[in-house]
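The structure is shown first.

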Amino acid sequence: MKLPRLMLGCAILLWGWQWQALPLALGLALLVELASGMGWRRATRFQTLCRIANGCTLLFIALTVYFAFTVDAAQSVLAVIKWTPILVLPLMLTIALSGMPQVPLAIISSVVRRRDQRAGHSPDPGPDQDYPAAGRRYNLAWPYLALWLLSAGVANRVGPWFYSGLCLLCGWALWSLRPTTPR
């Protein structure tokens with residue numbers, strides 16, 4: 001199931017408000033909502049998505065090492081959690097622009113790619129098949145929303161407004177997932 005329209009943008013704005021980076025959050029929210037709401041889609045190859053995911057992983061490792069050597073341990077963990085949603089943004093934008101509601105888990109995990117290869121499922125599809133036919137597919141939008149909310153919560157700004165915004169977003173998410181009965 002897809003995220004409701006504007007939900008991810010609202011979560012990004014909550015993150016920006018909590019981290020006092022509202023101009024950055026506004027730009028990111030507009031970028032994400034435009035990518036998910038555009039009518040045109042661009043086909044993206046499996047290998048391209050794997051490379052983008054690997055690049056995001058390398059950025060995450062580099063950021064973690066940087067903060068490990070520049071600030072104390074507690075601040076390092078908080079800083080990494082703060083910036084992780086932005087590090088994953090290139091992958092999520094690519095998935096949104098490709099129009100795929102679900103992607104194979106092999107895109108984000110080389111362990112899954114190797115396991116699929118041992119099971120006889122080719123993680124490297126041929127020219128006639130762009131994505132592996134076998135393997136589970138997942139909608140990464142919901143975990144990405146949770147990552148933005150977690151990152152916003154790490155800011156730890158005291159006040160009831162964060163909890164109100166978090167409850168509204170969680171209620172909105174649950175409302176969109178409710179079962180609908182035909183009448």
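Predicted model: local features only at pLDDT ≥ 70, side-chain atom pairs only at ≥ 80, totals over all residues.

H3 covers residues 46-70 and H4 covers residues 73-98. Their axes cross at roughly 165 degrees, an angle over 145, and the two helices are therefore roughly antiparallel to each other. The crossing of H3 and H4 is right-handed.

H4 also packs against helix H6, which spans residues 141-154. On the H4 side the contact is made by Leu78, Ile81, Lys82, Thr84, Pro85, Ile86, Val88, Leu89 and Met92, and on the H6 side by Ala141, Tyr144, Leu147, Trp148, Leu150, Ser151 and Val154. These residues divide into 13 nonpolar, two polar and one charged. With a crossing angle of roughly 150 degrees, again over 145, H4 and H6 are therefore roughly antiparallel to each other. The crossing of H4 and H6 is left-handed.

| Helix pair | Axes come within | Crossing angle |
|---|---|---|
| H3 and H4 | 9 Å | roughly 165 degrees |
| H4 and H6 | 8 Å | roughly 150 degrees |

The next topic is the pockets. Which helices each supply at least two residues of the lining of the largest pocket? They are helix H1 (7-18), helix H2 (22-37), H4 and H6. This pocket has a volume of about 490 Å³. Its lining is made up of 26 residues, and Lys2, Leu3, Ser36, Ala96 and Ala141 lie nearest its centre. By class, the lining of the largest pocket has 18 nonpolar, four polar and four charged residues.

The second largest pocket has a volume of about 190 Å³. Its lining consists of Ala53, Asn54, Cys56, Thr57, Phe60, Thr84, Leu87, Val88, Leu91 and Ile108. H3 and H4 each supply at least two residues of this lining, and H3 gives the most, with five residues. Seven of the lining residues are nonpolar and three are polar, while none is charged.

Note on methods. Residues numbered from 1 in each chain as written. Heavy atoms only, no water. Axes fitted to C-alpha atoms, helices over the stretch in contact; angles between N-to-C directions. Helix = DSSP H or I, 4+ residues; strand = E, 2+ residues; numbered from the N terminus. Parallel < 35°, antiparallel > 145°, perpendicular 65-115°, else oblique. Left-handed = near helix turned anticlockwise from the far one by under 90°. 1 Å grid on protein atoms, 1.4 Å probe; cavity = no way out; pocket = protein on both sides within 12 Å on 5 of 7 lines; lining within 4 Å. Points joined across faces, edges and corners; volume = space filled by probe spheres on them. Nonpolar A, V, L, I, M, F, W, Y, C, P; charged D, E, K, R; others polar. Contact = heavy atoms within 4.5 Å.
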